[in-house]
Amino acid sequence: MHVIYGGTFDPIHHGHLRLALEVSEALEVSRVHLVPSHIPPHRGNTGASAAQRLEMIRQAIAGEPALALDEQEVQRGGASYTADTLRQLRAELGPDCPLVMVVGTDAFSSFDRWREWQEIPGLAHIVVVRRPGSELPVGSEAAQLVAERCVGSASELHSRPAGQVLELAPPLLDISATGIRRRIAAGRSPRYLTPDDVCRSILAWGLYGARPVEGQ
């Protein structure tokens with residue numbers, strides 16, 4: 001089984017990393033692949049460049065065999081669309097390998113506004129991570145998709161290449177990249193919200209309006 005967890009990772013933080021490990025354990029896979037977007041269609045420009053975000057992810061996952069970096073969206077350039085990424089992976093993995101994409105309920109709630117969203121269930125399974133305070137809108141395409149395709153265990157994802165939905169509710173760290181950026185812009189330290197190497201890079205590069213913080 002091949003599992004991807006996409007996002008902007010601007011910057012990557014302990015919430016991302018802990019979630020990825022929770023998913024690897026819940027799905028009983030040896031590795032989860034982090035796929036940073038080049039240009040996120042929902043947001044536009046990022047605070048850190050693609051190269052800087054790649055480097056921060058490398059720093060964050062160093063020494064952790066359960067996490068890997070997939071650079072395909074950055075290498076492809078342009079706006080990053082999930083359907084394109086899944087098609088590329090399906091071509092590489094072949095038709096029979098189970099392929100899984102991980103998404104939070106907040107992002108999945110607008111699933112029907114994603115480009116070519118109808119094609120995605122035919123390319124991959126979807127693992128929906130339930131976030132506190134974020135529910136799928138009643139009657140939405142996302143909620144209907146869960147109702148029609150939801151399975152009760154991760155083992156069912158291993159038995160076919162695509163088409164199922166699994167909901168997970170792992171313990172989550174209440175950390176957001178938006179909150180980190182705001183904290184840094186206000187002159188506050190991001191330490192312990194991100195890995196130390198990532199924190200040092202943010203300060204060294206002057207990202208998000210960073211300026212030197214005493215003790216860093």
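**Exercise 1. Is Phe111 buried or exposed, and what is its relative accessible area?**

Before starting, note that this is a predicted model, in which local features need pLDDT of at least 70, side-chain atom pairs count only at pLDDT 80 or more, and totals for chains, interfaces and linings use all residues. Residues are numbered from 1 along each chain as its sequence is written, and side-chain values use heavy atoms, with hydrogens and water left out.

*Solution.* 
- Step 1: recall the cut-offs. Buried means under 20% relative accessible area, exposed means over 50%, and partly exposed lies in between (1.4 Å probe, protein chains only).
- Step 2: apply them. Phe111 has a relative accessible area of 0%, so this residue is buried.

**Exercise 2. Classify the ring pairs that Phe111 makes with Phe108 and Trp117.**

*Solution.* 
- Step 1: A pair of aromatic rings is described by the distance of the centres and the angle of the planes.
- Step 2: set the rule. Rings of Phe, Tyr and Trp (its six-membered ring) pair if their centres lie within 6.5 Å; planes under 30 degrees apart are stacked, over 60 edge-to-face, and the rest tilted.
- Step 3: count. This rule gives four aromatic pairs.
- Step 4: take Phe108 with Phe111. Their ring centres are 4.9 Å apart and the planes stand at 40 degrees, so the pair is tilted.
- Step 5: take Phe111 with Trp117. Here the centres are 5.7 Å apart and the planes stand at 70 degrees, so the pair is edge-to-face.
- Step 6: widen the view. Phe108, Phe111, Trp114 and Trp117 form one aromatic cluster. Phe108 is buried at 0% relative accessibility, and Trp117 is buried at 17%.

**Exercise 3. Which residues lie nearest the centre of the largest pocket, and how many line it?**

*Solution.* 
- Step 1: define the term. On a 1 Å grid over the protein atoms alone, where a 1.4 Å probe fits, a pocket is an open set of points with protein on both sides within 12 Å along at least five of seven lines; lining residues have an atom within 4 Å of a point.
- Step 2: read off the lining. There are 44 lining residues, and Gly6, Gly7, Thr8, His42 and Ala107 lie nearest the centre of the largest pocket.
- Step 3: trace the elements. Those giving two or more residues to this lining include β1 (2–7), α1 (14–27) and α5 (105–108).

Technical notes
Helix = DSSP H or I, 4+ residues; strand = E, 2+ residues; numbered from the N terminus.
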